[in-house]
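Please look over the sequence and the model shown below before reading on. The report that follows describes the chain one part after another.

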Amino acid sequence: KKSQEEMTENKTIKPYDYISPGLKKVDAKKFFPHMIEGDTSVITSEYFGKNVPHKWYVTSDFPECGFLNVDEASILYNNALLFQGKNGLEIGSHVGWSTVHIGMAGVILDVIEPMLNHDPRLLLQIVESLRLSCFVS
């Protein structure tokens, strides 16, 4: 069998936003004004799926750390719908992309983000995105 890398070696697949069939669609991009399409060529991790044709999003302040892709975020949102109205805890929110998806599903969420003490830009981006999405209490 050919590996994914061998199958895509001679084909250029332009990255795109894909959502698995059967999922309720949700669009949270409008709440993330600092979100840009990232450059996957800078990633050195062997675990990063460079051959997966999803767009890779980052923020302009943190270009080396990406978001869940749109499909992963949609899966998270659809799973969170099962817990609508219930309390939840998210540990590690980065700039709030997953947080907003869980919140849009109606989960009452507490969030712990250890990096808030290390970089004030992170806090500013999280607060801005949560305010835009109306999930700040």
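## A helix and its surroundings

Just after helix α3, G106 takes a positive phi of about 95 degrees. This is a predicted model, in which local features need pLDDT of at least 70 and side-chain atom pairs count only at pLDDT 80 or more, while totals for chains, interfaces and linings use all residues. Residues are numbered from 1 along each chain as its sequence is written, and side-chain values use heavy atoms, with hydrogens and water left out.

Helix α3 covers residues 97-104, and because 7 of its 8 residues are buried, the helix is largely enclosed by the rest of the structure. Here buried means under 20% relative accessible area, with a 1.4 Å probe and protein chains only. The buried residues of α3 are W97, S98, T99, V100, H101, I102 and G103.

| Element packed against the buried residues of α3 | Residues |
|---|---|
| β1 | 35-37 |
| α2 | 70-80 |
| β3 | 87-91 |
| β4 | 108-112 |
| α4 | 120-133 |

Two of these strands, β3 and β4, run parallel and are joined by 5 bridges, and strands are taken to pair if DSSP finds at least two bridges between them. Within this pairing, L89 has D110 of β4 as its bridge partner. Strand β3 has a covered face formed by G88 and E90, whereas N87, L89 and I91 make up its uncovered face.

Seen as a whole, the chain contains 4 helices and 4 strands, and along the sequence these follow the pattern α-β-β-α-β-α-β-α. Both kinds of element are DSSP runs numbered from the N terminus, helices being H or I over at least four residues and strands being E over at least two. Of the 137 residues of the chain, 34% count as buried. Among contacts with a separation of 6 or more, 54% come from residues 24 or more positions apart.

What does a search of the whole structure find in the way of cavities of 30 Å³ or more? The search finds 1 such cavity, a cavity being a set of points on a 1 Å grid over the protein atoms alone where a 1.4 Å probe fits but cannot get out. About 30 Å³ of space lies in the largest cavity, a volume being the space filled by probe spheres set on the points. Its lining, meaning residues with an atom within 4 Å of a point, consists of F32, H34, M35, T59, V95, Q125 and S129.

Conventions: Buried means under 20% relative accessible area, exposed over 50%, partly exposed in between (1.4 Å probe, protein chains only). Contact means heavy atoms within 4.5 Å. On a 1 Å grid over the protein atoms alone, a cavity is a set of points where a 1.4 Å probe fits but cannot get out, and a pocket is an open set with protein on both sides within 12 Å along at least five of seven lines; lining residues have an atom within 4 Å of a point.
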